[in-house]
Amino acid sequence: MRAELRSSTPGHISVPDPNPFDTPHGSLSGALKGCLGSLDGACIEKLLLHCATAVEANDATLVQQVMWVLNNIASAHGDPNQRLTSWFLRALVTRASQFCPTAVPSATTVLARARPMTATELVGYVDLTPWHRFGFTASNGAILKMVQGRRKVHVLDFSIYYCTQWPTLIDALSERPEGPPLLRITMPSARPPVPPYLNVSTEEIGLKLANFAKSRDVALEFHVVKATSACSGDALSGHSNFLQELASCLLDPSSLGLREGEALVVNCQSWLRYLPEGSGTAMDDLSSRDAFMELIHRLNPCLVTVTDEDADLDSARLSSRIMSCFNYLWIPFDALETFLPKDNPQRLAYETDIGQKIENIIGFEGEERTERLESGARFSQRMTRAGFESFPFDEETVGEVKLLVDEHASAWGMKREEDTLVLTWKGHNSVFTAAWVPSGYDE
């Protein structure tokens, strides 16, 4: 079986042409007859779950039969359900070729790494939907409130978005009645090997940001923490290298350049999902989420802001991951359908990034499965265990976030879940953002 790609999007899979109705699985036979040619999401989900069960059971015949039906539904240029199905089918082919090789030979086509964007293209990518700016706006509002009156502010930035959050914060700081503070932004050279990719160096980003800050009369110092040479070996995979580099940075607080009298802020945007679940402390599992938060807590920040996608996609069971993933990642496909043509290059590129995420969640296990989302509710519990308490967003920040959401399609919405703000699409949670302070924090 071979996956054929056209323009970096998944095409039809070359599947043997079995008779899907000539099968001893009576319940499956009925499901297949009811779904053939149907684009109903519930029916597609049922087929995906049948396929997952067959893969786990190494049932080659059933895998091929269900994939044949999915292949007749999937289309990278169809409606949102068809486009989403095409990526799930590709992910299942990847999975089956590794864990059920008697059912599906290895796929011979590998998706090329996305083309690095220019800075202008990255801004367009971030602005396409409120998915990214939602967290930027809420986090910046919490930061402004916490550092009010402080003369020195230091932000440790753990984000995959190349500082696109900070021009808005710099603008706001420049307008403070008491004048702007000295602003320092520090980020690690380590970054998860995931899109979006940028065609300029981190140092060049810092230079552009410093020039922007200068135009707003804000004094900015930008620093990139380089990993030790021992953590940058070519033998490591991209993700393993990232984890070791990150641990190296955090275990040497002196490399962060912390200074007395600064208001220290830690900002995490779409970052923590790439740290393994883990269960150990900072001394025995340096790359786990709990270890990361323990190390952050030791720095005694005045504020920690966290934004990520609001879904649990880290189950050990393939069928559970498929169900959760399908019932979550339909959102961006559905949202893009409302304002971009089917063959729009920007839409196809955006969907490809989501598709690669689906392939990682469904197609791989162990260290290769790097996408391990947990919901905002679960993460709140993790933060409480780590010694943090929530820092509520004020009404001014909530108003700014609502204005942002209202600039987009009416199906986007916002709600509060305790002290967390949640971006919704047609009432379904998509992104959460929250702010935290160390328990008992005292300036």
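This is a predicted model: local features need pLDDT of at least 70, side-chain atom pairs count only at pLDDT 80 or more; totals for chains, interfaces and linings use all residues.

Mentor: Residues are numbered from 1 along each chain as its sequence is written, and side-chain values use heavy atoms, with hydrogens and water left out.

Trainee: How many helices and strands are there in the protein chain?

Mentor: There are 14 helices and eleven strands. Helices (H or I, at least four residues) and strands (E, at least two) are DSSP runs, numbered from the N terminus.

Trainee: Why is Glu351 called buried?

Mentor: Buried means under 20% relative accessible area, exposed over 50%, and partly exposed in between, with a 1.4 Å probe and protein chains only. Glu351 has a relative accessible area of 3%, so it is buried. Its place is in helix α12 (residues 345–363). Of the 443 residues of the protein chain, 56% count as buried.

Trainee: Which residues does Glu351 touch, leaving out those up to four places away in sequence?

Mentor: Glu351 touches Arg83, Trp87, Phe333 and Leu336. Contact means heavy atoms within 4.5 Å. Arg83 is 268 residues from Glu351 along the chain, and their C-alpha atoms are separated by 8.6 Å.

Trainee: What makes α7 roughly parallel to α8?

Mentor: Two packed helices are described by the angle between their axes and the distance between the axes. Axes are lines fitted to C-alpha atoms, for helices over the stretch in contact, and angles run from 0 to 180 degrees between N-to-C directions. Angles under 35 degrees count as roughly parallel, over 145 as roughly antiparallel, 65 to 115 as roughly perpendicular and the rest as oblique. The axes of α7 (residues 166–174) and α8 (residues 202–215) come within 10 Å and cross at roughly 20°. Therefore α7 is roughly parallel to α8.

Trainee: Which residues meet between α7 and α8?

Mentor: Trp166, Pro167, Ile170 and Asp171 in α7 meet Leu209, Phe212 and Ala213 in α8. The residues of this contact divide into six nonpolar, no polar and one charged. Ala, Val, Leu, Ile, Met, Phe, Trp, Tyr, Cys and Pro count as nonpolar, Asp, Glu, Lys and Arg as charged, and the others, Gly among them, as polar.

Trainee: Why is α6 called roughly antiparallel to α14?

Mentor: The axes of α6 (residues 130–146) and α14 (residues 395–406) come within 9 Å and cross at roughly 160°. That angle is why α6 counts as roughly antiparallel to α14. The contact of α6 with α14 has six nonpolar, three polar and two charged residues.

Trainee: What is the phi of Asn58, and is the residue buried, partly exposed or exposed?

Mentor: Asn58 has a positive phi of about 55° although it is not a glycine. Most residues other than glycine have a negative phi, and most peptide bonds are trans. Asn58 is found in the loop between α2 and α3 (60–73). Its relative accessible area is 40%, so Asn58 is partly exposed.

Trainee: Why does Asp217 count as exposed?

Mentor: Asp217 counts as exposed because its relative accessibility is 66%. Asp217 also has a positive phi, of about 60°, although it is not a glycine.

Trainee: Which peptide bond is cis, with omega near 5°?

Mentor: The bond from Pro195 to Pro196 is cis. Pro196 has its place in the loop between β4 (182–188) and α8.
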